[in-house]
Amino acid sequence: MQDVEHMQAALALARRGLGNTWPNPSVGCVLVRDGQVVGRGWTQPGGRPHAETEALRRAGGLARGATAYVTLEPCSHHGRTPPCCNALIAAGISRVICAMRDPDPRVDGRGFARLRDAGIEVVEGLLEEQAQAINAGFARRIREGRPFVTLKLATTLDGRIATAAGESRWITGPEARREAHAMRARHDAILVGSGTAVADDPDLSCRLPGVAPTKSLRVIADARLRTPPTARVFATAREHPTLLATIPGHKPATLAPYLDAGADVATIAPCDEGLRMAALLGALAQRGVTRVLAEGGAGIAAALLREGLVDRLAWFHAPGVMGGDGLPAAYPLPVEVLAAMPRFTRVAARPLGPDWLTEFERT
């Protein structure tokens, strides 16, 4: 039972880093000696230092003979920092309990082997499912070359995101909007389409009291360059990473105002509906992004659903009905038969003031 409790504490530490550690995974580590916690650590912003070295630094000499509870297999390769395996061995750790293997082929079992070769007892798989959920984005980037995608929708009960005139502020209440900002803090990148960028002029930052700022990448998908360079998201591009994703072929003079504002520009393979989402996600993965929060609008939602790229659906429902003249949450996919409809499994639901947040995972 104590092993489970200490691993739960390590998992809670790992969650602290979500949205702030990319391109590295977010890892938690707890060191326990003689029943007492002597060190705790989690991956720091930008992915360094790693959780294990942070916990060892805090424990000092008390780490000798301790058990390390780690949410992801300790790294065994030299990157920008030395291998965590070496640090654990040098510190005199006697036992390592780990939630899951590292999917990175440079590690994937090699970390455990090195620890065992040094005479350290290794236990694998404790609370593995929870660790897999935390590292889903990192694993998907390694295995599939794209980040984990959460599609966030805020609609009426009948799935409308705005009136026919385009009014959308505010369909949901303040509690739901606070939760949406918290979601931004847990993701590496925030993605919107040009329709949302033009209609709402969002700055796509996390504005929650007491929440430390993250380095989330703001991404505007805009094939036709409808978003003006004077938009709020570009006004702060020098202070907050911002990417304009568009199709090839625009003249350098047309792109220059965005670059002058401090934004990066990425050219993405087009499709009939605009940008090919798989290509955009691949480009984000190459930049190290592991978790994307897609906030709409209807074009982005349809494109992601059409290409089968939505891993999680976070649906905020307001207790109102707008009717058929309101704007839908997603443009046509299209779906001609029920068997072609994207399917999801409900995994969580809770009230947020007058609204409800229901979360689904891809079936």
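Contact here means heavy atoms within 4.5 Å. By that criterion, and not counting residues up to four places away in sequence, Ile 93 touches Leu 31, Leu 56, Ala 63, Ala 66, Ala 68, Leu 88 and Ile 120. The model is predicted, with a mean pLDDT of 92 for the protein and 97% of the residues scoring at least 70.

**Confidence**
- Strand E3 (residues 67–70) has the highest confidence in the protein, at 98, whereas strand E12 (residues 270–271) has the lowest, at a mean of 84.

**Nonpolar cores**
- Ile 93 belongs to the largest nonpolar core, which has 38 residues, and is listed with Met 7, Leu 31, Ala 68, Leu 88, Val 96 and Leu 115 as having the most contacts inside that core.
- Helix H1 (residues 2–16) is the element that gives the most to this core, contributing five residues.
- In soluble globular proteins, nonpolar side chains tend to be buried together.

**Second largest pocket**
- The second largest pocket has a volume of about 800 Å³, and of the 24 residues that line this pocket, Ala 133, Ile 134, Arg 291, Arg 312 and Glu 361 lie nearest its centre.
- Among the elements that give two or more residues to the lining are helix H6 (136–144), helix H7 (174–185), strand E6 (148–155), strand E15 (312–317) and strand E18 (355–362), while H5 gives the most, with five residues.
- Sorted by class, the lining of this pocket comprises twelve charged, eight nonpolar and four polar residues.

How values were computed: Residues numbered from 1 in each chain as written. Predicted model: local features only at pLDDT ≥ 70, side-chain atom pairs only at ≥ 80, totals over all residues. Heavy atoms only, no water. Core = buried A, V, L, I, M, F, W, Y, C linked by side-chain atoms within 4.5 Å. Buried < 20%, exposed > 50% of the residue type's maximum accessible area, 1.4 Å probe, protein only. Helix = DSSP H or I, 4+ residues; strand = E, 2+ residues; numbered from the N terminus. 1 Å grid on protein atoms, 1.4 Å probe; cavity = no way out; pocket = protein on both sides within 12 Å on 5 of 7 lines; lining within 4 Å. Points joined across faces, edges and corners; volume = space filled by probe spheres on them. Nonpolar A, V, L, I, M, F, W, Y, C, P; charged D, E, K, R; others polar. pLDDT = per-residue confidence, 0-100.
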